[in-house]
Amino acid sequence: MRTERQKIIEFLTGKERDVREISQGLGLQEKEVYGHLEHIARSINAQGGRLKVRPSECLKCGFVFADRKRFTKPGRCPKCRKSHIRSAGFLIEFYSHS
Ligand SMILES: [Zn+2]
């Protein structure tokens with residue numbers, strides 16, 4: 001039986017998704033998804049893969065939350081103070097075995 005974490009890994013392999021898409025696609029709470037992603041980020045290397053994170057960005061002024069360590073969506077932009085934020089995207093790639 002596959003675990004939720006394995007399902008997320010499969011869901012993100014080769015296709016970038018944000019947390020809402022993962023949540024809806026797999027029927028998980030968003031806060032569960034964040035917890036799983038943080039674990040996956042630490043453990044995926046051992047499985048021969050890599051989690052790529054496209055940072056959140058402000059849709060108003062283009063500010064990119066590049067230094068953000070947490071995966072949760074920022075509330076508002078530190079530059080223009082608006083809250084039109086595009087949430088981060090997550091993608092998993094596996095290194096080829098050949
Ligand atoms: Zn902004």
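**Entry 1: the sheet**

I began with the strands and found 3 of them in an open sheet, ordered S1-S5-S2, with antiparallel pairing. Strand S1 (17-18) and strand S2 (49-54) are the edges; each has a single partner strand, so one side of each is left without a neighbour in the sheet. I took strands as DSSP runs of E of at least two residues, and helices as runs of H or I of at least four, numbered from the N terminus. I called two strands paired if DSSP finds at least two bridges between them.

I noted that this is a predicted model, where local features need pLDDT of at least 70, side-chain atom pairs count only at pLDDT 80 or more, and totals for chains, interfaces and linings use all residues. I numbered residues from 1 along each chain as its sequence is written.

**Entry 2: strand S5 and its partners**

I looked up S2 next. It is joined to strand S5 (residues 89-94) by 6 bridges, and the two run antiparallel. Leu51 stands opposite Ile92 in S5. Then I checked S1. S1 pairs with S5 over 2 bridges, also in the antiparallel sense. Asp18 has Gly89 as its bridge partner in S5.

I stopped at Phe94, which sits in strand S5. I listed its contacts, leaving aside neighbours within four places in sequence: Thr13, Gly48 and Gly49. Here I count a contact when C-beta atoms, placed from the backbone, lie within 7 Å. Is Phe94 buried, exposed or partly exposed? I found 13 other C-beta atoms within 10 Å, so Phe94 is partly exposed. The cut-offs are 20 or more other C-beta atoms within 10 Å for buried, 12 or fewer for exposed, and partly exposed in between.

**Entry 3: the whole chain**

I counted 3 helices and 5 strands in the protein chain. From the N terminus on, I read the order as α-β-α-α-β-β-β-β. The C-alpha trace spans about 45 × 30 × 20 Å along its principal axes. Of the 98 residues, 15% are buried. I also looked at contacts between residues at least 6 apart in sequence; 53% of them join residues at least 24 apart.

**Entry 4: the helices**

Helix H1 (residues 4-12) lies across S1 and S5, and I read its angle to S5 as about 90 degrees. Axes are lines fitted to C-alpha atoms, for helices over the stretch in contact, and angles run from 0 to 180 degrees between N-to-C directions.

How do helix H2 (residues 19-26) and helix H3 (residues 30-43) pack, and at what angle? I read about 110 degrees, with the axes 9 Å apart. H2 and H3 are therefore roughly perpendicular to each other; that term covers 65 to 115 degrees, while under 35 is roughly parallel, over 145 roughly antiparallel and the rest oblique. H2 brings Val19, Arg20, Ile22 and Ser23 to the contact, and H3 brings Glu30, Val33 and Tyr34. By class I noted 4 nonpolar, 1 polar and 2 charged residues. Nonpolar means Ala, Val, Leu, Ile, Met, Phe, Trp, Tyr, Cys and Pro; charged means Asp, Glu, Lys and Arg; the others, Gly among them, are polar.

I turned to H1 and H3. Their angle is about 75 degrees and their axes are 10 Å apart. H1 and H3 are therefore roughly perpendicular to each other. Glu4, Arg5, Ile8 and Ile9 of H1 meet His36, His39 and Ile40 of H3. This contact of H1 with H3 divides into 3 nonpolar, 2 polar and 2 charged residues.

**Entry 5: the core**

Which residues form the largest nonpolar core? I listed 10: Ile8, Ile9, Leu12, Val19, Ile22, Val33, Leu37, Ala88, Phe90 and Ile92. H1 gives the most, with 3 residues. Such a core is a set of buried Ala, Val, Leu, Ile, Met, Phe, Trp, Tyr and Cys residues joined through C-beta atoms within 7 Å.

I followed up Ala88. Not counting residues up to four places away in sequence, Ala88 touches Asp18, Val53, Arg54, Pro55, Ser56 and Phe71.

**Entry 6: a loop residue**

Last, I looked up Arg81. It is not a glycine, yet its phi is positive, about 70 degrees. Arg81 lies in the loop between strand S3 (57-58) and strand S4 (85-86). I found 10 C-beta neighbours inside 10 Å, so Arg81 counts as exposed.

Terms used. Two residues are in contact if their C-beta atoms, placed from the backbone, lie within 7 Å.
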